[in-house]
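Colleague: I'm new to this one and would like a close look at a single part of it. Could you pick a spot and walk me through it?

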Amino acid sequence: MTAPKEAWITGIGIVSSLGEGLDAHWDALNAQRINVDEKRFAPYIVHPLAPVSFDAQIPKKGDQRQMEAWQRIGTYAAGLALDSAGVKGDREILGRMDMIVAAGGGERDLAVDLAILNAYMKGNSGPAFLNERLMNDLRPTLFLAQLSNLLAGNIAIVHGVSGTSRTFMGEEAASIDAARIALARIQSGQSDITLVGAAHNGERTDLLILYEFDDFNLKDKFDPVWARDKHSGFALGSAGVFLVIESREHAEARGAKPYARLSNVVTDLAQRKQPGAVTKSLEALWSKLGMPKDNGALISGATGVEPVTSEEKAFLSAHPGCAVRATGTSFGHTLETQFPLGLALAALSLSRGALFPPNDPTGLEVEMAETPTQIVVMGAGHWQGEGMALVEAIK
Amino acid sequence: MGVVTSLGAGKADNWKRLTAGESGIRTVTRFPIDGLKSTMAGTVDFVTVDPPSSTGLTERLADIVTEEALGQAGIGRTGDFPGPLFLAVAPVEVEWPQRLEVARAISKSDFDVNDVLAVSGGGKFTPYHRRFMFGSVAGHLAEKFGTKGSPISLSTACASGATAIQLGVEAIRRGETDAALCVATDGSVNPEALIRFSLLSALSTQNDPPQGASKPFSKNRDGFVMAEGAGALVLESYEAAVARGAKILGVVAGCGELTDSFHRTRSSPDGKPIIGCVHKTLADAGMTPEQVDHINAHGTATPENDKMEFLGISAVFGERAKEIPVSSNKSMIGHTISAAGAVEAIISLLTLEHQRIPPTINYDIPDPAIPFDVVPNVARDARVTAVMSNSFGFGGQNASLILTREPI
């Protein structure tokens, strides 16, 4: 087999509760800014999307109308990534650009659902009731705004990314695997250039209900992720993050400037019935990643839910020299988007020659004075799936 | 290989019924059909799960086909499959029976969403979280069958089954693994799923008789028929399979994929993405169109798909498009959506094994605009060395496979 090709991150698109674009995020992180809304879904806490003018990346109103919020967020972030990579509108490249999207589904029409449920509970529903209400009340194109693979579909329609298109599903793990497969395809020559990422709308009551079933939502009071020992939970966040990853030779041939190198992505599915399984899994992934320096930097997608966050902490306490940053504190939990978010912030930090400051009263996150050359991105899903990536500076 | 469709469980039963031209489509009895425009589907009624849910049935169907496939492959040990899992599965969400259970826990009348939220936590509905996670079916299969690494759940709409196979092929070609378990499953015939497709005017409304509804390539075709099913394939590198003395059922000679960026549900009118997809697949296999001697069509029986499939095939195959046998399994088993690409790849491999092509049934009024040889109504013995299996889906998803009996 030929040696694996080097893969560069040449485009980053990010929109979140902290704003849009790289400069806005760099400034917000350095100012340790956190944007939470404790009122709108009280007692639940969410990190709402910062005001965004979708027209800037999705010029046709008709396209915007065909999408649910998560698709608009993702299509917007994908456009930012293409701009950042300098390939926006380049039909030749876009026509052969591969795409791997990690996706959940779109929001339900809660007014329709609630009307149906209320009628059922009052007992005025015959056998045809559900059928008739759904037939009459569902917006015909709502399905397309909910379908998982239609984020990729919308990115193809709006931006013209039309090589291959795959949508991975499965919460946090979906995007870790998306990054892994994107990298493996580039390293092996199966792809020259790939758009990879995810989007999440955290301002959704139907998601709060889903996560409330197992008591995962953060309630009443916001605390940084590492300070939720006695008050565990995640605060859903809205964010869209896409990366353009390409082989070094492809990037050099078109004169593209890299932010960082994506050197490795490793994933696991720990059987979590055993206490300590996640800690063990992360330790094994750390070894597989190529044993990064113990005094390096690590960006964690820690959720703040238990027991997984404590298991992550146990892993981190075995690597005390690492400067850790938790994206969950600043951005909330963005499910499929959390891992691409970590990759984006790692690449951004490496390209700026500094790690952004800690945002953590517990002291787990420490200052990092020196210029980082390697950043590990870590993800452990709220219920399953673990992974790590190694992102390195290009000198 | 393992397969379940509305015609039955297992390769033997399905092959017998497919080549007899039987239909698995019937009037839905799982839930009331009052008020629906389309009342038939290819439901798998001989498998039930408790408590009932589409995701639960989807998972059970995947179990059944995986057990059949692993039994035939004789690879690894029980609960210890030596490779990764690629699972094509429908998007997941909380379903109506569960939604109603939660509503029943609310004590007041005229409740709003905050009242729903207030009763959702506290442990009464804990299993619903796991059941309705997108990664739940893959997590279950990975644990049960001991696949290696993080399992991948994927959706490329109606092309999902083909994409699962494609991901397995790519992993083997990269040398990451000698074997991959590729599973595609769909048990999602429920009222809302049916209504969603109905509202997009995608479904046939020729309800009577239900067996006659799915009419691929016919002039009077009026949409697809929703169906359930699952398919599982154990893929191995050819060298590894030969080395362990495995019985090789066929070869995935080529895979291709090309996105259509024209519209959310319609193909580009010039057919270029389909043509490009077929060309990429041929190139991947290192084959010319002349070497393909049968096409297992996507053939959904929507007016749009069948027309575009002919346009794409005829652009690549030229005059041969009228001679090469092109049949649609969906005429008998309906459209198994997320599972279709894998179910139809398996039927393609059975076609190669038996040298017999299943028919396109319900072909009574040919569409003169689609002059395919559709193998009308009756199975046909034929020399078949290479089959192209096509899958095209919402969101511009196009994927094709070329399957052969022997390595090319």
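**A helix, then a strand and its partners**

Modeller: Let's start with helix α13 of chain B, which is mostly covered, with 13 of its 15 residues buried. Bear in mind that this is a predicted model. Helix α13(B) takes in residues 340–354, and at 1.5 Å a residue it should span 21 Å; its end C-alpha atoms are 21 Å apart, so the two figures agree.

Now move along to strand β14(B), residues 386–393. This strand is mostly covered as well: 8 of its 8 residues are buried. In a regular strand, side chains alternate between the two faces of the sheet. Here Ala386(B), Met388(B), Asn390(B) and Phe392(B) point one way, while Val387(B), Ser389(B), Ser391(B) and Gly393(B) point the other way. Whichever way they point, all of them are buried.

So much for the strand by itself; what about its partners? One is strand β10(B), residues 294–296, which pairs with β14(B) in the parallel sense over 3 bridges. To find that pairing in the picture, look for His294(B), whose bridge partner in β14(B) is Val387(B).

Another partner is strand β15(B), residues 397–404, which runs antiparallel to β14(B) and is joined to it by 8 bridges. A handy place to look is Ser391(B), which has Ala399(B) as its bridge partner in β15(B). Strands β14(B) and β15(B) form a hairpin, with 3 residues between them. In that turn sits Gly395(B), with a positive phi of about 85 degrees.

Terms used: Residues are numbered from 1 along each chain as its sequence is written. Chains are lettered from A and ligands numbered from 1 in the order in which they are written. This is a predicted model: local features need pLDDT of at least 70, side-chain atom pairs count only at pLDDT 80 or more; totals for chains, interfaces and linings use all residues. A residue is buried if 20 or more other C-beta atoms lie within 10 Å of its own, exposed if 12 or fewer, and partly exposed in between; C-beta atoms are placed from the backbone. Helices (H or I, at least four residues) and strands (E, at least two) are DSSP runs, numbered from the N terminus. Two strands pair if DSSP finds at least two bridges between them. The expected span of a helix is 1.5 Å times one less than its number of residues.
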